[in-house]
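Please read them with the structure open.

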Amino acid sequence: MIPLVAWRNIWRHKIRSLVVISAIAIGLWAGVFMMAFSWGMYKQYLTETVETHLSHIQIHNPDFNDDREAKYILRQSTKIYEFIDTLQEVKAVTRRTISSGMVSSPTTASGVTINGIFPKDEDEVTQLAHTVMEGKYLDSIGRNPVLIGSKLAKKLKVKLKNKIILTFQDTAGEIVAGAFRIAGIYKSKNTTLEEMNVYIRSNDLNRLLATDNAIHEIAILLNDDKNLDLVRDKLKNKFKEADIKTWKELAPELNLIINSFNVYMYIFVGIILLALTFGIVNTMLMAVLERVREIGMLMAIGMSRFRIFFMIMLETIYLALVGGPIGLLIGYFTIEWTGNAGIDMSMFSEGLSSYGFSTMVYPELDSGYYLPITLMTIITAILSAIYPAIRALRLKPSEAIRKI
């Protein structure tokens with residue numbers, strides 16, 4: 001009987017109830033969609049960074065990551081490379097010769113990381129060839145070709161086929177320099193990486209370093225990120241002297257994004273629900289004050305205070321149970337639609353690319369988030385109803401009946 005009465009009570013003032021239901025629905029829709037939008041941005045950023053820059057696993061000389069000097073060559077690089085090539089979990093693997101130095105043009109100079117690569121292997125791991133917007137990739141025949149980013153090209157004021165000078169230290173600590181001709185200009189979604197990295201062939205860099213096919217880094221791309229720990233452990237057991245790190249260890253800030261996403265998103269939804277709480281409290285308080293005589297009459301004929309309390313609580317929960325699913329349902333369809341079509345953020349391309357974010361965002365949200373959000377909404381409704389219900393319980397039947 002009480003549930004039926006509570007349900008009828010919320011429709012005695014349809015407009016007011018519909019306003020509250022709409023507020024709950026819109027608030028939850030906004031919260032769910034912003035969660036999906038944020039995760040879509042960060043997921044693309046993580047994927048882009050891992051698959052085109054860090055790779056899933058990197059292997060170095062134990063001293064290389066501290067100083068990144070050319071003398072810290074990876075020992076047994078050939079054996080490591082051949083072993084990795086036999087692992088079924090590995091999608092692609094590449095080797096790199098790396099040196100930190102300067103790139104200079106007739107007008108200016110800039111500090112860069114010089115990556116000596118095996119062009120075919122590098123493209124399989126990072127899709128580098130697909131980012132070339134002008135000229136050709138490094139697999140073209142020619143003497144000392146170099147691939148530079150478009151932002152670096154603008155900074156140096158150079159264009160295709162111009163010469164630039166790369167200056168760096170060899171393995172003995174001596175300064176060496178070489179002239180390279182720009183074979184191609186690539187465009188990355190991360191303008192910072194685009195400005196800080198140039199690519200040449202590994203054998204050209206080794207010739208200037210006066211080394212015999214020295215390798216400083218082996219980068220591994222896996223078929224599935226779930227095999228990350230498995231492959232790392234296999235490599236560590238086989239090559240104990242090498243420094244083997246996953247992308248989570250190389251870029252802990254990226255791993256922090258994943259681990260803290262749940263907390264941040266629940267806080268975000270909690271703030272929205274907190275704002276809705278004030279509206280629900282105000283609505284239910286008005287409903288109680290408008291029905292003072294009615295509540296007093298119910299008390300006078302013997303309805304217990306517990307049942308009155310329960311009735312008011314049910315009215316609030318009904319509002320949440322109607323508005324909540326509507327908001328979540330609209331949010332789900334919005335996420336599905338925008339997740340397939342994408343959201344074009346090209347008007348903010350310059351700012352987004354400076355932080356490594358894509359201009360196309362595909363919102364995505366795991367279905368496991370919907371149940372906790374629903375529970376949070378119900379809890380919010382219950383908490384919102386406590387104060388109006390207490391106000392109702394404080395009424396004295398004799399006074400409430402005479403209330404005008």
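**Notes on the predicted model**

1. In this predicted model, the buried residues of helix 5 pack against helix 2 (14-54), helix 4 (77-84), strand 2 (90-104), strand 3 (109-117), strand 8 (197-201) and strand 9 (217-222). The buried residues of helix 5 are Pro 119, Asp 121, Glu 122, Asp 123, Val 125 and Thr 126.

2. Because 6 of the 8 residues of helix 5 (residues 119-126) are buried, this helix is largely enclosed by the rest of the structure. Helix 5 is followed by Gln 127, which has a positive phi, near 55°.

3. Glu 195 lies in helix 7 (residues 191-196) and is buried, its relative accessible area being 17%. Its side chain makes a polar contact, at 3.1 Å, with the side chain of Lys 155. When neighbours within four places in sequence are left aside, Glu 195 is in contact with Val 112, Lys 151, Leu 152 and Lys 155.

4. The protein chain as a whole has 16 helices and 12 strands. Its radius of gyration is 32 Å, well over the 22 Å that the globule rule gives for 404 residues, so the chain is more spread out than a compact globule. Taken along the principal axes, the box filled by its C-alpha atoms is roughly 100 × 50 × 30 Å.

5. Of the 404 residues in the protein chain, 50% are buried, and among contacts with a separation of 6 or more, 77% are between residues 24 or more positions apart. The protein chain exposes about 20800 Å², of which carbon and sulfur atoms supply 59%.

Technical notes. Residues are numbered from 1 along each chain as its sequence is written. This is a predicted model: local features need pLDDT of at least 70, side-chain atom pairs count only at pLDDT 80 or more; totals for chains, interfaces and linings use all residues. Side-chain values use heavy atoms; hydrogens and water are left out. Buried means under 20% relative accessible area, exposed over 50%, partly exposed in between (1.4 Å probe, protein chains only). Helices (H or I, at least four residues) and strands (E, at least two) are DSSP runs, numbered from the N terminus. Contact means heavy atoms within 4.5 Å. A polar contact is a pair of N or O atoms within 3.5 Å; within protein, one must be able to donate a hydrogen and the other to accept it, and residues adjacent in sequence count only if both atoms are side-chain atoms. The radius of gyration is taken over C-alpha atoms; the globule rule is 2.2 Å times the number of residues to the power 0.38. Accessible areas come from the Shrake-Rupley method with a 1.4 Å probe; for residues, only the protein chains shown count as cover.
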